[in-house]
Structures are given as C-alpha cells and as structure tokens.
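Please examine the structure shown here together with its sequence.

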Amino acid sequence: MSDLTKLTLKAAVDGLKNKDFSSREITQAFLDRIETVNKDLNAYIVVTGEKALGMADQSDARIAKGEGGRLEGAPLGIKDLFCTQGIKSTACSAILGDFAPPYESTVTQNLWDQGAVMLGKLNMDEFAMGSSNETSHYGPVVNPWKRNDGANTKLTPGGSSGGSATAVASDMCLAATASDTGGSIRQPAAFTGMVGIKPTYGRASRYGMIAFASSLDQAGPIAKTVEDAALMTEIMCSADDKDSTSLHIPVPNWTKDVGAGVKGMKIGVPREYRVDGMPAEIEKLWEQGVAWLKEAGAEIVDVSLPHTKYALPAYYIVAPAEASSNLARYDGMRYGDRHTSGDLIETYETTRADGFGTEVQRRLMIGAYVLSAGYYDAYYLQAQKVRKRIAMDFDEVFSTCDALLTPTCPSAAFGFGEKAGNPVEMYLNDIFTVTANLAGLPAISVPAALDTQGLPLGLQVIGKALDEASCFKVGGVLEKAAAFSHKPTL
Amino acid sequence: MSDRKPYILSGATGDWEVVMGLEVHAQISSKSKLFSGASTSFGADPNCNVSLVDAAMPGMLPVINKYCVEQAVRTGLGLNAQINLFSRFDRKNYFYPDLPQGYQISQFQYPIVGEGEIEVEMEDGSTFIVGIERLHMEQDAGKSIHDLDPNATFVDLNRSGVALMEIVSKPHIRSPKEAAAYVRKLRSIVVALGTCDGEMAQGSLRADVNVSICKPGAYEKFLETGDFGVLGTRCEIKNVNSFRFIEQAAEYEARRQIEVVEDGGVIDQQTRLFDSETGVTRSMRSKEDAHDYRYFPDPDLLPLILQPEWVENIKANLPELPDQKKARFASEYGLKPYDAGVLAAEADKAAYFEEVAKGRDAKLAANWVTQELFGYLNKFDLDLADSPVSAKQLGGLIDLISDGTISGKIAKDVFAKMIEEEGIAPADVVERDGLKQVTDTGAIEKVVDDIMSANPDQVEQVKAQAAEGHKKPKAMGWFVGQVMKASGGKANPQAVNEILKSKLGI
C-alpha cells in the first residue's frame, strides 16, 4: 500500500479513523519511503523508526477502542529545532553534538497528545539561519523538484525549514512542523509546491523550540493542502504558561474557514512589493492571484506599506542581535560539544569556532556589533523604530482591507551555491516574508503555478494579527482556483 | 541631618573627605527563583536546586515569579520610593561558566523602583538622609569553585537564577561608619518587611561599595551642581558581606586613594576586591577591561505592567517599618530618639521591648533592655533568640524595682543570677538570697547611730562642710556607703539619705 504516503493528512486521519488501514501500515509505508528517497534528498537527519512503530501500535490500540485524538496514528516529521525528549535535538548545529533533551517542546507535545506519530527529525539551516538549507551541519537538503531544462541541477528547497518542505513534498511524511523567523516556513513551502503558514506571534508556544530570534520565531506547519495546514496549526497552537510571550486566548476552529470563500472580503495589494528586478512571471502570477480572488467575489484594493523597503535591513539587525545573545548559552560547559584548549577563554573560542558554522558566526558577529556600546542607538534602536513603523503601516492598511496578497518569494528555487557566495543576495530572498515577522502577523504561502522552468511558485496571504481565519479563507480560494496538482518526479 | 560631622582624613598635603555610594544586593525571600520554579533553599547539595531554565537548556524560557515582583514593590515602598508601573527586563551579556545563559536578566533602563530616601541613625544619635537612586530585580549567577582541583573549576548552579534586588544609593554617604550604618538601616527595613532575610554571612545581603575622595568643599559643589566631575574618580569594591568589612574596606580604600593622589598619581576607575584576611583591597579589573554588556530588552519577557490598585493594596498592608516604630516608641513610651531607634531597628528586639514595657515604666524598661540585656548579649555575641532571660522574666524584675522590693543596684545582681540560672524567676532569687530591700526606718536609724558614734571625726567634717553652705557635703557620700555596706546593700537608699540628713542636721 505504498500510495498511503501520497494521502493528505486529512484523508489519512479519516482513513485511520475508519480503519481503512492501520497506523502501523501507514507508518511503515512512510519508513519505507524514507528508506528509499531520503539518501538522495537528506531531509531526515534522524529517523526514529522503532519509536514511530511503537507510537503507531499505541494509536492502533486506541483506534480499536474507538478512542484517539485528532491526529491519531498520523505520521509526521519534526523540524530539528524542536526539542524531543530523549531524541537528538541539535538545530542541525555541530555545537550541540549529540544533545538529547530530557524534555519535550510544547508544540510537539500538543501533536503527540492528539495521537500523532513521530517519524524523525528534519534537516534545517543551522539554528534556522539560512534561506537555502546549505548551512546545516548535516549537509544541504535537496529539493525534489528539478528544472525542466534536462540539466538535472540540484536545487535547494529553501530554508530554514528545507527538510520539512522536502519531506512533505516527497511524501516522506503527511505533514511536518516548521518554524519561521523571517520566512523559514513560507519560502521553502513555496519552493517545493507546499502550503506553509506562520501563525500570529504568540499563538504557538516557543517552549522547547531552540531559539534563533525570540521576538520573531514562530512555529507553524508545512503541509500538502490548506486544510491540512489549518488542522496542524490548530493542534500546534496553544496557550502556554511556560512561554511568557504565549497568547492566552482560545485557538479557533480554522479548518472550517478553509472552504468559507472570500465573497465580500477586501484584499489589499501592496504596491511597495513590486520590487525592482522582480521576474515578469512572478508579477504575472500575482496578477493571476488577484484575478482569482476577484472571480471568487473579493474586492481588490491598492494599498501602500511605505516602510517596506526598510524591513529587510531592520530584520537583519534585530534577528542577529537577539541571536547573538540567545546563542551565548552554547559555550560547551553544560551540554553539546566542548573543545578544550588552553584556558577558559581559549576553550570558549575553540568550542564556538569549531561548533558554529560560517553563517551562524557571521550573524553572531553582526548581532554583537549592533548591540555594542556606541552602535546600539544607530542600529538596534533604529531597527526597533523601523519595526514599529512597519507595524503601524499594517495597522493603517488593515483599516481598509481584510488581508494582503503578495508573492511569497522574488524567485523560484535556486541551485546550490548559486547564492551561497553572496550573503546579501541570499538575504534578499526574505524580502516579502520578513515584514510579517517584524509585525507579528499571520501569513500563509500557497502553491499557485509552475514557472517556465517547471518550478513551483507561491502566493502569500498576510492577515491581521490573530486573523489566521482570513489567511485560510483566502488560501483556500487560491488553492482551489490554482488547482495546483503538479508533483515532482523523483 | 542633625549633628552630621564631616569625616576628615588628613593626608600629607592636607585634609580629604570621602564620598560613597552603595549598591546593595538583597536576595528576595522567595521559595522559588526569579524566573523558574527551582527551590532557593540554602545549603542544598551542589547543583540540586537547578531547573532546566536555570541551566539554560536549549529552548527554555524564563517566566516571572509574581511573588518576587511583589517583594520588590514592598521594598520600594519601604524605601519611600517611586514605584514604576512600567518596568522592563534587559539582558546583560557576558560569558562566564557560572552564568549559563551567557547573559544575566536584569532591569537596566526601566527599573521597577525609582527614587526614594531613607533616614539613617549613627551610634552617637546623629542622623543623615541617603537618597535612593533605584531598585531593580535581577538574577543571581551560580558559584565558581576554584579550589577543589588544581586544574579545574567546579560550578554550582544552585544560586543561578535566584532573585536579587539591587538597591542603588545616591553618593550621599560620607564616611566608612556611615556606609555601615546605611547598610544596617537597609537591612532593618528589608527584614522588617520580610522581603530579604538579611543573612549577610550566607550572602543574602551584600554590598558593592563605591569610594572616592575629594577636598573639603567639593562635595557641597557637587550637591549644588550635580556635576560628578567635581568629585574624585571612584573605585568599586565588590561583594562586601559584613558591616565590619564594609567599614574596613571603605577606610582602607579611601586611605589608599589619598596616598596615590598625594604621590602625584591618578585614580583609575577600577573594580576592586576586599580581602578580609589582610584588610586590603586589590584591583580586579580596570575600566579599560570593563565588559561591553550589550544590554537590550529581553525578548523572552514582556514589559512588567503593574496595576495601581495592586500597588495600593500592597501599600495598605505593609507591616510597621523601623522608622514608624521608632516614632511610635518615642511618642508612646517617651523614649529618646536613639533608644527608640535601637529598639525599633529589628522586629524581634522591638517585640521583646514592647513585652517588657507593657504596663510598666517604659523608660526603665528601655534602659534595662538596651543597657543590661543588649550589653550582655553583645558582650558574648549572642542573638536575642539565645537570651537566657525572657521578656516575662525581665518584666518581673522591673516590677520588683518599681514596687520597692529591691533597689536598682540589687536588681543588677538579681539579673546576673537570672543569667547564671537560666529560667529562674527574679522574685525567687530575691527571696532565696534575702535581697529584699530594708525600708524599716527604725532598723536603718540604728545602723546610722552606730556608725555616727564610731566615727565622730567624720560627723564633724560633714557638719563643717554643711555650715560652709555645701548642699551636698562630700563626706556625706562616705556615710551612705558605710550604711549600705553594713546593710548588705539592702537598705532603701532613699530612706538612708533622709535619715542621714536629719541626724547630721543638713
């Protein structure tokens, strides 16, 4: 029954509930699939086969008794950023060595509480710093999609949740957890033809999620459909006393919003997102998206977010600043790898020089610099002001419309090494996605078309704070209109 | 600021004055830490009071302990200080093995408590005012133990994350004695509030002492202008943990600075350590080596917003503070300010005194408590809790004085017996040892007559002195002494005086 791996999460959960197949069967099917394709794609860095089958058997027992949660028996992949009890959790950094935490992140616990089955840990950019998965200590993840030029160039799946995106896109799990600090869910989702949503900041607990930039990090899913994404998001999100920035409000029923349509909704199209040098086919796709929403009964309004151009620089100050402090705990003293050398200072230096990759070191240095005496006001403080302005821009715009439609990325997936030499060009990939993080807003990416190279492109819907519902409504309409059914050939 | 005497240190080139400001770290009396649920119990085995948050495990997040916030607010109110309804936690970034996060969570820019002031009493009864700059909450670090192994340092994280209040004074302290008195006063306030146990030996209360020197007149100019430039460069002595050490360290440091300056040197802004063995301070790091702490708002924590009603409620339920108690002791019992201050400074002493004074002559009670009892306790370095004489017993002794059963002098002997024979009732001592005062005038008269007839020369001398107009002839004292001696000290001194006067015709 190898086609079990091609099911959507919703279809699989229904099939399990109806006992059309057992959790052990579908779990084994995924383990077989991983066995077959992971060595080429490198999405999983840890496969927890035994644990998965054990969880599956427990699920089958519960299903047999007519019990079970909302994801009972459904096999999922977990981004390595989430701490999973007793299982290696390293954010794909060498500095954490073989660290296996004695605790479970709230997000993953929520999934297990609903009966989900863990297949393993998914590759990512080291500490989520990257847009191509090339910074992982465990090597890059390969995008299952190829250009149609016959050259067979290996492409990146985007990042930092590249392992999550590739695993879902290549049927190595039903859905995956991911995290988004500047676009790390939405960009890889777009690059692999998947759906990804970053909820409102504070919806999903950060407890047990290895921190990159605390004020920007937010967990969310990568899934095959908007409905699957809604289901995953509902379960991943929760109010959590262990995270002081967690929102203490109930999680709505978002799955019902997916098919609700957009009739009467006002959708804003921000003119500042029409950036110089944007490929014509991205522009065309955006217009297509507008047309689809119009047809579905939405009103389209032209809006302005004047501070957009400052978002990327502000992001690349705030995120490294927080990271430089968040990653100070990786000093080799209590866990992970220690490289002893000379005195204490030398041991710190060697441990961190050996343990962190180049991109992480670059960001830690940027972060330390922008917070240092004499530069704080010019960089960090200024960036915080910009951040406030950007949030105000959104507030203003959302008084005239319900959600915004933009492209997810300025390009389709690129090849390995194509941008790795130039960090700034790499950072430009986040240009449409960082604003939602800076303002804490929910944003979804939905696959909408293939470009002329045969690669998927995504459209992004940004909602008001706490209005994931609109993201799912608009996303559902786009998904239906685009009828994106292309699959990568493996 | 009554009778505040300038403290002058004379150097080779002239007189110098001292200016000091203190940063006192007071551990909040809380069962759990500032941002985690781990226990704060003292003396636990190393690394046993450590939560995942305290060890800075990946993905762990701080959650503020509301009880600690309440104690900081209570302390702020006790310092007559502004309570800031908006405050914020910042990260102070530096690397050290006993700082697991690689940063200390503190309140840098927006502390929970702003400016306040307290009045401090000196032993000579003079008082002075110290302005409080701010009070903020922060995490303590762990402990590095360097002497267990020649090649390794051991780290104990039990203190890591324990809640501290840092109380920063203005540079209003002008002598080493004042510095100790200021910390004594702070301690009495936090102990009365119950916000810190004040155990200095355990490190619950410790001071960073900032010392600078200046020429007479400079400080007054500073007060006028607020310009720190007119004062000397300061050095900070870290983590001094007893009143005596505070005084010693400040004194040494001031003299060291005078010596440096008078030898033509300049004072480097330094952080120094006090060695209590040698009584010397030595440099730990200079300003050039100072860390750039890269403070920024902790993104894991939201700003702390207090509701005014919550603060008002805390204010309405504060216990009586040492100053209020002192004022009450002065007005209710008619005590002198200094005695009132001594008795009010610590809750247990105040309670003891009030039990002794209840329904009795309060001034007499205050004298007995401060002079005899505290004198005895201080001499043997005992706490009030170890006192061999209970408040009830001491009250009984005072009753015996007041009703004329014994004289004040005999009472001291009885008190000594009460210490010797712990728990014995004063009346039993008097009864057993036959110490009851003799008030029978007939018996006293007989003794007086005997002495007068045996010493005619002395009688003549007294009469002669009286005739010359002396109201209190010197030889009179000799007679009193003889009578008291003959009666074994039991004769009522007033009666002895009256009888002597009439017999000698004074």
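This is a predicted model: local features need pLDDT of at least 70, side-chain atom pairs count only at pLDDT 80 or more; totals for chains, interfaces and linings use all residues.

Residues are numbered from 1 along each chain as its sequence is written, and chains are lettered from A and ligands numbered from 1 in the order in which they are written.

Chain B contains 16 helices and 16 strands; helices (H or I, at least four residues) and strands (E, at least two) are DSSP runs, numbered from the N terminus. The radius of gyration of chain B is 30 Å, well over the 23 Å that the globule rule gives for 506 residues, so chain B is more spread out than a compact globule. That radius is taken over C-alpha atoms, and the globule rule is 2.2 Å times the number of residues to the power 0.38. Along the principal axes, the C-alpha atoms of chain B fill a box of roughly 95 × 55 × 55 Å. Of the 506 residues of chain B, 40% count as buried; a residue is buried if 20 or more other C-beta atoms, placed from the backbone, lie within 10 Å of its own.

Chain B is divided into domain 1 (19–175 + 183–210 + 228–311), domain 2 (320–433) and domain 3 (441–504), with bounds that come from an automatic or database domain assignment. The centres of domain 2 and domain 3 of chain B, taken over C-alpha atoms, are separated by 33 Å. Their contact takes 4 residues from domain 2 of chain B and 4 residues from domain 3 of chain B; two residues are in contact if their C-beta atoms, placed from the backbone, lie within 7 Å.

Strand β8 (residues 143–149) of chain B has 7 residues, of which the number buried is 0, so β8(B) lies largely in the open. With strand β9 (residues 152–156) of chain B, β8(B) pairs in the antiparallel sense over 4 bridges; two strands pair if DSSP finds at least two bridges between them. β8(B) and β9(B) form a hairpin with 2 residues between them. Ile145(B) has Phe154(B) in β9(B) as its bridge partner.

Finally, the contact between the two chains takes 33 residues from chain A and 25 residues from chain B. On the side of chain A that touches chain B, α9 (311–326), α10 (344–355) and α11 (358–371) of chain A each supply at least two residues.

Methods:
A residue is buried if 20 or more other C-beta atoms lie within 10 Å of its own, exposed if 12 or fewer, and partly exposed in between; C-beta atoms are placed from the backbone.
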